[in-house]
Amino acid sequence: MNGLPKCPQCGSEFTYEDGTQYVCPECAHEWSKDASAAADEAKIVRDANGNVLADGDTVTVIKDLKVKGSSLVVKVGTKVKNIRLVEGDHDIDCKIDGVGAMQLKSAFVKKA
Ligand SMILES: [Zn+2]
């Protein structure tokens, strides 16, 4: 392991540095070091307490949340298992017992 990022295009671990760029010898993809650092940072999702969330985490809802398009409400204290982080305004994809698949905002949950 040399600490260099994998190629975002083909996943190769044989990346090498060339000036301000990373280069993949396998698919010839080149990308800027700055851009790859920024992309990594954008993906960090934090809960209401600032803890970093990851795929597969269990979280607790900290606020009654209306379910879009129905009269259901996800109550405070509801445990949500096996979350999946996604892009967008609602950045958690999950399945809640009795409600089904839905998306939550990370600001309204805390890590269990
Ligand atoms: Zn590659």
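Student: What share of the contacts between residues at least 6 apart in sequence join residues at least 24 apart?
Tutor: In this predicted model, that share is 34%.

Student: OK. How many helices and strands does the protein have?
Tutor: There is one helix, and there are 13 strands. In sequence order the pattern reads β-β-β-α-β-β-β-β-β-β-β-β-β-β.

Student: And overall, is the protein spread out or compact?
Tutor: It is more spread out than a compact globule, because its radius of gyration is 19 Å, well over the 13 Å that the globule rule gives for 112 residues. The C-alpha trace spans about 55 × 25 × 25 Å along the principal axes.

Student: What percentage of the residues is buried?
Tutor: Buried residues are 27% of the 112 in the protein.

Student: Let's pick some. Where is Asp 47?
Tutor: Asp 47 sits in the loop between strand 4 (45-46) and strand 5.

Student: Buried or exposed?
Tutor: Asp 47 is buried, because its relative accessibility is 5% and the cut-off for buried is under 20%.

Student: What does Asp 47 contact, leaving aside neighbours within four places in sequence?
Tutor: Asp 47 is in contact with Leu 53, Ser 106, Val 109, Lys 110 and Lys 111. Take Lys 110: it is 63 residues away from Asp 47 along the chain, yet their C-alpha atoms are separated by 5.1 Å.

Student: Which strand is Lys 110 in?
Tutor: Lys 110 belongs to strand 13, residues 109-111. Lys 110 is partly exposed, at 37% relative accessibility.

Student: What else does Lys 110 touch, not counting residues up to four places away?
Tutor: Besides Asp 47, Lys 110 touches Asn 49, Val 59, Thr 60 and Ile 62. Lys 110 and Thr 60 are 50 residues apart in sequence, while their C-alpha atoms are 5.4 Å apart in space.

Student: Now Asp 57. Where is that one found?
Tutor: Asp 57 is in the loop between strand 5 (52-53) and strand 6 (59-61). It is buried, with a relative accessible area of 15%.

Student: Which backbone nitrogen lies 2.9 Å from its side chain?
Tutor: That of Ala 54, which lies 2.9 Å from a polar atom of the Asp 57 side chain. Leaving aside neighbours within four places, Asp 57 is in contact with Val 52, Val 80, Lys 81, Asn 82, Ile 83 and Lys 111.

Student: Asn 82 is on that list. Where is it?
Tutor: Asn 82 is in the loop between strand 9 (79-80) and strand 10 (84-85). It is exposed, with a relative accessible area of 57%. Its phi is near 55°, a positive value in a residue other than glycine.

Student: What about Ala 28, what is its phi near?
Tutor: Phi of Ala 28 is near 70°, also positive in a residue other than glycine. Ala 28 is in the loop between strand 2 (21-23) and strand 3 (30-32), and it is exposed at 57% relative accessibility.

Student: Last topic, pockets. What volume does the largest pocket have?
Tutor: About 200 Å³. Its lining includes Lys 63, Asp 64, His 90, Met 102 and Phe 108.

Student: Which strand gives the most to the lining?
Tutor: Strand 12, with three residues.

Student: And how do the lining residues divide by type?
Tutor: Four are nonpolar, two are polar and five are charged.

Terms used. Residues are numbered from 1 along each chain as its sequence is written. This is a predicted model: local features need pLDDT of at least 70, side-chain atom pairs count only at pLDDT 80 or more; totals for chains, interfaces and linings use all residues. Side-chain values use heavy atoms; hydrogens and water are left out. On a 1 Å grid over the protein atoms alone, a cavity is a set of points where a 1.4 Å probe fits but cannot get out, and a pocket is an open set with protein on both sides within 12 Å along at least five of seven lines; lining residues have an atom within 4 Å of a point. Grid points are joined across faces, edges and corners, and a volume is the space filled by probe spheres set on the points. Helices (H or I, at least four residues) and strands (E, at least two) are DSSP runs, numbered from the N terminus. Ala, Val, Leu, Ile, Met, Phe, Trp, Tyr, Cys and Pro count as nonpolar, Asp, Glu, Lys and Arg as charged, and the others, Gly among them, as polar. Buried means under 20% relative accessible area, exposed over 50%, partly exposed in between (1.4 Å probe, protein chains only). A polar contact is a pair of N or O atoms within 3.5 Å; within protein, one must be able to donate a hydrogen and the other to accept it, and residues adjacent in sequence count only if both atoms are side-chain atoms. Contact means heavy atoms within 4.5 Å. The radius of gyration is taken over C-alpha atoms; the globule rule is 2.2 Å times the number of residues to the power 0.38.
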